[in-house]
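This briefing describes one protein chain for readers who work with its coordinates. Please keep the sequence and the structure in view while reading.

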Amino acid sequence: LHVGFYATHALDGDPEQYLPQNKSRTMYYTNDTIPYPITGTLQSRKKLPPFITELNEGRQRWKRRFNQSRMMRNGENQYQYMMKNIYRMATEVSTTSGRLIKKIEEQGDLDNTLIIFTTDNGYFHGEHQLADKWYPHEESVRVPLIIRDPRMDPKYKGTTNDDFTLNVDLAPTLLGAAGLQAVPGMMGRDMSVLYRDDATVPSGVAQQHDDTTTGEQQSAQSHPQQQQQQQQQARQDPPLQRRHPLNVNPNAHLSAKQYPWREEFFYEHPVLGHKAYIPSSEALVRKDWKYMYWPDYDREQLFDLRMDPIEDNDRIQDPDPYVRGILSEMRHRFQELRGWVHSNATVTL
């Protein structure tokens, strides 16, 4: 069963933008004040690349949704008005999801049902004076993911996990839960290995690789123990010396012990309309650093997510030798991952 909600999507063209049910407007958040984002300032907006101008759709939608200087008909500023309606719509989704789960429980199927709640994109709520999505910033690329799985080990129930999961992981996860083989060309992995200590590779899964597999791929494929040692060493080494091997076995998504979970990922989004409207963007994302690349303008950015999680201080021009080393390594790794993703090779991320 697939259930898709229109909420919390905006209704473009309507001055209200976000349209919760009428009863929700008086039931929820009427006396709350939604915090304004730290980067929702003119100062932060000026730190964006210069090609993100007033022609950019993210800027245009910010003006229609999150401009604190505009007042709405109920006397609230635009940001409070819009955000409360977004939260009301999210609450409606939560309530409806609860009803669906309750019905499954009443039918006696809850303990035989895998439930995955997620969304298709993140969202700028005024950060950097932008609205909507499309770009590599944290607000745009991070999405909610909630999983209820009867197979989940008890120690993981009710806990959170900060491992990198991707939309390409959804299909292998669903197939694995159904006892079906994952297609070798799928780039994702079965997420259940993150909450099932007994997860193993099922029999009958194809082992073949694409003919374009290189010697480097074969080496990583043939020596998984060596690959695991490299990843363990990567956690101990300073970032300048890091190696983040790419899993290339088509079964990697089915074995957490043999193939450690990813520590980075390649992001890309195409140009929409024209580059002044929504430019294309790419990135190499890690938990400590993020390298962004804007292909239409050949523009790079580099952010230290440990010290600057709000991505307000671009380090791309920082002369510090340590930062230059980070940049050099991430440039190389970015090109490597981009090449893999765009090739015909069988790659598991």
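How are H3 and H4 oriented to each other: roughly parallel or roughly perpendicular? H3 and H4 are roughly perpendicular to each other, a term for angles of 65 to 115 degrees, with under 35 counting as roughly parallel, over 145 as roughly antiparallel and the rest as oblique. The model is predicted; local features need pLDDT of at least 70, side-chain atom pairs count only at pLDDT 80 or more, and totals for chains, interfaces and linings use all residues. Residues are numbered from 1 along each chain as its sequence is written, and side-chain values use heavy atoms, with hydrogens and water left out.

**Overall composition and confidence**

- The protein chain has nine helices and eight strands; helices (H or I, at least four residues) and strands (E, at least two) are DSSP runs, numbered from the N terminus.
- Of the 349 residues in the chain, 46% are buried, that is, under 20% relative accessible area, where over 50% is exposed and the range in between partly exposed (1.4 Å probe, protein chains only).
- Among contacts (heavy atoms within 4.5 Å) between residues at least 6 apart in sequence, 65% join residues at least 24 apart.
- The mean pLDDT (the predictor's confidence in each residue, from 0 to 100) is 85, and 83% of the residues reach 70 or more.
- Over residues 201-255 pLDDT stays under 50, and the model has 112 contacts beyond four places in sequence for this stretch. Where pLDDT is low, the predicted coordinates should not be read in detail.

**Helices H3 and H4**

- H3 (residues 57-65) and H4 (residues 78-106) pack at an angle of about 95 degrees, with their axes 8 Å apart. The axes are lines fitted to C-alpha atoms, for helices over the stretch in contact, and angles run from 0 to 180 degrees between N-to-C directions.
- H3 contributes Trp 62, Lys 63, Arg 64 and Arg 65 to the contact, and H4 contributes Gln 78, Tyr 79 and Met 82.
- These residues divide into three nonpolar, one polar and three charged; Ala, Val, Leu, Ile, Met, Phe, Trp, Tyr, Cys and Pro count as nonpolar, Asp, Glu, Lys and Arg as charged, and the others, Gly among them, as polar.
- The buried residues of H3 are Glu 57, Gly 58, Arg 59, Arg 61, Trp 62 and Arg 65; they pack against helix H2 (42-45), H4 and strand E3 (131-132).
- Thr 91 belongs to H4 and is buried because its relative accessibility is 15%.
- Thr 91 touches Tyr 28 and Tyr 29, not counting residues up to four places away in sequence; its C-alpha atom is 9.7 Å from that of Ala 7, 84 residues apart along the chain.

**Buried glutamates in strands**

- Glu 264, in strand E5 (residues 264-269), is buried with a relative accessible area of 8%.
- The side chain of Glu 264 forms polar contacts (pairs of N or O atoms within 3.5 Å; within protein, one must be able to donate a hydrogen and the other to accept it, and residues adjacent in sequence count only if both atoms are side-chain atoms) with the side chains of Arg 286 at 2.8 Å and Arg 333 at 2.6 Å.
- Glu 300, in strand E8 (residues 299-304), counts as buried at 18% relative accessibility.
- The side chain of Glu 300 has polar contacts with the side chains of Tyr 291 (2.5 Å) and Arg 331 (2.7 Å).
- Beyond four places in sequence, the residues in contact with Glu 300 include Met 292, Tyr 293, Asp 314 and Ile 316.

**Loops and backbone geometry**

- Thr 39 sits in the loop between helix H1 (22-27) and H2 and is buried, with a relative accessible area of 3%.
- Among the contacts of Thr 39 beyond four places in sequence are Ser 44, His 128, Gln 129, Ile 310 and Asp 312.
- Most residues other than glycine have a negative phi, and most peptide bonds are trans.
- Gln 129, in the loop between strand E2 (124-125) and E3, has a positive phi of about 55 degrees and is buried at 8% relative accessibility.
- Asp 132, in strand E3, has a positive phi near 85 degrees and is buried at 4% relative accessibility.
- The peptide bond from Ala 7 to Thr 8 is cis, with omega near 10 degrees; Thr 8 lies in the segment before H1.
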